[in-house]
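Here is a friendly briefing to read alongside the structure. Take a look at the model first, then follow the points below.

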Amino acid sequence: LWTVPEDGTYRIRAAGARGGYGFNGTAYYGQGRIVEGEVTLNRGDQLLIVVGQMGQDRNGSSAHGGGGGGGSFVALGNDQATASILVVGGGGGGANAYANYGWLGRLSGDGNGFTTNYGDTSRDWSNYRGNGASISVDGMVYANATAGRSKSFRTTGRGGQKVDCYQTYGGFGGGGTPHCHNGGGGGGYHGGAAGHDHRYGGEGGGSYLDATLSNTNNDVGLNNDHG
């Protein structure tokens, strides 16, 4: 929670975190998206900031997928349940377990913004879930369990937790935890879907720039680290 020290125009840049590697180190993670914009703020205003955490890399010696990267959020206000969202950098999707499919985690898991993606609608993928969380909707996990889901910005923002198989953890900021071999979806304004079956990497979380901002840039670059 940051208190604005002086009246003025402030540039806010938010970088989503990258997803995790799969078991094979050449299975690439999805990168987080970096976005920015300018907003007029008054002395005493407060900004609520959530910084995305990288999705966990492969876990152990089996064929694990990587966890989804957490989104980075900046909102105006001091109450997480009601603060006005200003900027969101979408987290990258986790890679799946196999090198020959890992590129999908990088391409479709790059935190592409301004799309609805699929975390909010919980794409099923025949129980191979692991969706990232969005602003107000928690992610999904294997077999639709309630434990272990990634948590939305409006609640705690926690990353997905291990509940079954040999999962990896999603990053703080709503990153999804995959089931076994697939990659977890990134957290963001809209959560990214987990990879389909064991063959695919997770999709990136959606980025966001509020319409009241000026001098916006929805493609500052890609992030290979924490938010």
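Which ring does the charged end of Arg18 sit over? The charged end of Arg18 sits over the ring of Tyr29, 4.3 Å from its centre; this label requires NZ of Lys or CZ of Arg within 6 Å of the ring centre and within 35 degrees of the ring normal. This is a predicted model, where local features need pLDDT of at least 70, side-chain atom pairs count only at pLDDT 80 or more, and totals for chains, interfaces and linings use all residues. Residues are numbered from 1 along each chain as its sequence is written, and side-chain values use heavy atoms, leaving out hydrogens and water.

**Overall build**
- The protein has one helix and eight strands (DSSP runs of H or I with at least four residues, or of E with at least two, numbered from the N terminus).
- Starting at the N terminus, the order is β-β-β-β-β-β-α-β-β.
- Of the 227 residues, 54% count as buried (under 20% relative accessible area; exposed is over 50% and partly exposed in between, with a 1.4 Å probe and protein chains only).

**Aromatic pairs**
- The whole structure holds four aromatic pairs (Phe, Tyr or Trp rings, using the six-membered ring of Trp, with centres within 6.5 Å; planes under 30 degrees apart are stacked, over 60 edge-to-face, the rest tilted).
- Trp2 and Tyr10 have ring centres 5.9 Å apart and planes at 75°, so this pair is edge-to-face.

**Around Trp2 and Val51**
- Trp2 counts as partly exposed, at 35% relative accessibility.
- Val51 is partly exposed too, with a relative accessible area of 44%.
- Val51 lies in the loop between strand S4 (46-50) and strand S5 (72-76).
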